[in-house]
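Hi everyone, thanks for coming.

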Amino acid sequence: MSTLVIKDLHVKIEDKEILKGVDLTINTGEIHAIMGPNGTGKSTLASAIMGHPKYEVTQGSITLDGEDVLEMEVDERARAGLFLGMQYPSEISGVTNADFMRSAMNARREEGDEISLMKFIRELDKKMEVLDMEQEMAQRYLNEGFSGGEKKRNEILQLMMIQPKIAILDEIDSGLDIDALKVVSEGINQMRSENFGCLIITHYQRLLNYITPDHVHVMMQGRVVKSGGEELSHKLESEGYDWIKVELGIEDETVGQA
Amino acid sequence: MTVETNSKMTEQDVRSFSEMNGEPSWFTELRLRSFGEAQTLPLPKPDKTKILSWNFTEFPVHTVQSSVFDSIEDLTEDIKSIVDLEQKNLYIQHNNTPAFSRVSEELAAQGVILTDIFTALREHGDLVKKYFMTNGVKTDEHKLTALNAALMNGGAFLYVPKNVVVEEPVQVVFYHDDAEASLFNHVIVVADTSSKVTYVENYFSTVPHANGLANIVSEVFAEDNAQITYGAVDTLAEGFITYVNRRGRAARDARIEWALGMMNDSDTISENTTNLIGDNSYGDTKSVVVGRGSQKQNFTTQVVHWGKDSEGFILKHGVMKDSASAIFNGIGKIEHGATRSNAVQESRVLMLSEKARGDANPILLIDEDDVTAGHAASVGRVDPLQLYYLMSRGITKQEAERLVIHGFLAPVVRVLPIEGVKKQLTEVIERKVR
């Protein structure tokens, strides 16, 4: 079992503090969902875990199985077992999707033990079929000219090929129509196992109709303000966030406040 | 009257050289006339690069004698690395010596000519005369075009007759392994009416340092409805000061597409012009460059629209490292009368070090109302967000940078039609950006 532990995490971007003490523990075998209105720090948490160059951790710790994640470079975090499905993945011209994914898989293997081309293609074909992606997507340049939905599928394709220990999926559902949402959910559900943990960031409950979370957290003002089981997401769906604000005496949930 | 060479070429030397090669008298006269012009004409003036102090006229010796290759198996291992032994249509020049050539029987029977420029002058004089510095490049444009004609000591001639479609690419290798050699090369490629050909050339140095200089002119003619794809990978050695002028002329409904991998380690002035003379002609120039060390380079790419409905595209991607500097001038010019023409260009420069310099200058000169035109230019570093994205998948920073750079230079690599040359360019890029 692997465990990602986030303790008292404070993060700022360009001198503005966004996260103000986040505590969260994710074990493999668990699916966590973080919900919350816009501007409460959800995506910042995702970026800070992965090591986005613009975000600066000013206080607190992140460890994966006891190893200090904050001491690691971005690529080391990935090879240690973390994965971030991004909201706005970069486009990289001239690098084919397939070449990129093979590089990513080989980065986890020793020199001389690279994945064989045939095996790679078999795996890729299989997973692209699950995600209902056209074969030609493999030979297109990485995310270049992809529609919003294609980019999201491509993020999940990478997740399925790389098989990380812990994945963070940052608004993987935004911009997806209902069919695409089902396909993407199917991909994530296939990943479910004792060896895989996941943190799903969303502000819509609808994704959670297809992927049942074990734990649901609500972020406001740069902190996790409420945690519960699956039932919490249903309550949020039917009643919105206002009752939490009332309960906790929060007037404005965004991070600029408090 | 002399040119300032170490060996002091005189008018008499030029005449003797011409006679020794058995050149027709019109060509001897052309050389002598050009030699005279070279004494007074100024150097070219590439925009934004001062070359007055560059040495374009002094060189150790005019010609060196090198070995010929009796069969394809006798080629050096270096050459074999870029030439497919199955290559049917191949010409190799060894320094200044025509060293190997073959054309498939099928193409020869159809009248396709592929030979060194001297043999072409002797055996196909009228054809050469029609195209040699008549309406492509002119001898009196400046000192270097005049010198190219006067001192020409190598080059190739490719002629594809009317309606002949050459399916397999034609390959020409200018192999340079003598540090004392200089190249005054002249290449002519002609695709006659409704013909089609792909030509790929390598300027290929295997010496680490060269004392000579290179003055290269290529004239490329696509007659009515003809198509030429012209690929090149230049890897001339450091020290080999280079002037290279590749110029195309597209007639009605003709297409010329260039894919140029300009990877010289020497100071280089490159001019690549496509004149879209005929209506509905098409020109596409893709070039990639890597500058390193203290190299100084200037790449002027120009598409000039004369014909109606002509379309011209320029794509230039350059990577600059160490303290190398380069100017990228892109010129889309639409002449009066070239209605409904479309001129598009994109220049991008990636800087890999603080001391490197790269300037992209997009220029549109339009003398006609009913046209479309566009340009994009950028100079910058490798995007940190691209690196972040790649690294977030476990790829090391070094490998991520490598991927981004290869991707950036892929537009030319991808379209080169010969596998060996494609592989060579990939390896050269690998070596140069490391």
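**Strand 5 of chain B and its surroundings**

Let's start with a pair of strands: strand 1 (residues 90–94) of chain B and strand 5 of chain B run parallel and are joined by five bridges. Before going on, a word on what we're looking at: this is a predicted model, where local features need pLDDT of at least 70, side-chain atom pairs count only at pLDDT 80 or more, and totals for chains, interfaces and linings use all residues. Residues are numbered from 1 along each chain as its sequence is written, and chains are lettered from A and ligands numbered from 1 in the order in which they are written.

Helices (H or I, at least four residues) and strands (E, at least two) are DSSP runs, numbered from the N terminus. Two strands pair if DSSP finds at least two bridges between them.

Back to the pair: Y91(B) sits opposite V172(B) in strand 5 of chain B. On to another partner: seven bridges link strand 5 of chain B with strand 7 of chain B, again parallel. There, Q171(B) has V200(B) in strand 7 as its bridge partner.

So is strand 5 of chain B buried or exposed? Seven of the seven residues of strand 5 (residues 170–176) of chain B are buried, so this strand is largely enclosed by the rest of the structure. Buried means that 20 or more other C-beta atoms, placed from the backbone, lie within 10 Å of the residue's own; exposed means 12 or fewer, and partly exposed is in between. V170(B), V172(B), F174(B) and H176(B) point one way, while Q171(B), V173(B) and Y175(B) point the other way. In general, side chains in a regular strand alternate between the two faces of the sheet.

V173(B) turns up again in the largest nonpolar core, which has 200 residues; V173(B) is listed among those with the most contacts inside it, along with I200(A), L158(B), V189(B), A222(B) and I228(B). A nonpolar core is a set of buried Ala, Val, Leu, Ile, Met, Phe, Trp, Tyr and Cys residues joined through C-beta atoms within 7 Å. Helix 9 of chain B supplies the largest share, eight residues. Domain 1 (11–278) and domain 2 (382–434) of chain B both contribute residues, so the core lies between them. Those domain bounds come from an automatic or database domain assignment.

How do the two domains meet? 17 residues of domain 1 of chain B are in contact with twelve residues of domain 2 of chain B, where contact means C-beta atoms, placed from the backbone, within 7 Å. On the domain 1 side, strand 9 of chain B gives the most, with four residues. The C-alpha centres of the two domains of chain B lie 30 Å apart.

Now for the chains: 19 residues of chain B are in contact with 22 residues of chain A. Helix 9 of chain B gives the most to the chain B side, with eight residues.

Over in chain A, there's an open sheet of six strands with the order 6-9-10-3-11-12 and mixed pairing. Strand 6 (82–85) and strand 12 (223–228) of chain A are at the edges with a single partner strand each, so one side of each has no neighbour in the sheet.

Last stop, helix 1 of chain A: nine of the nine residues of this helix (residues 42–50) are buried, so helix 1 is largely enclosed by the rest of the structure. Helix 1 of chain A is followed by G51(A), whose phi is positive, near 100°.
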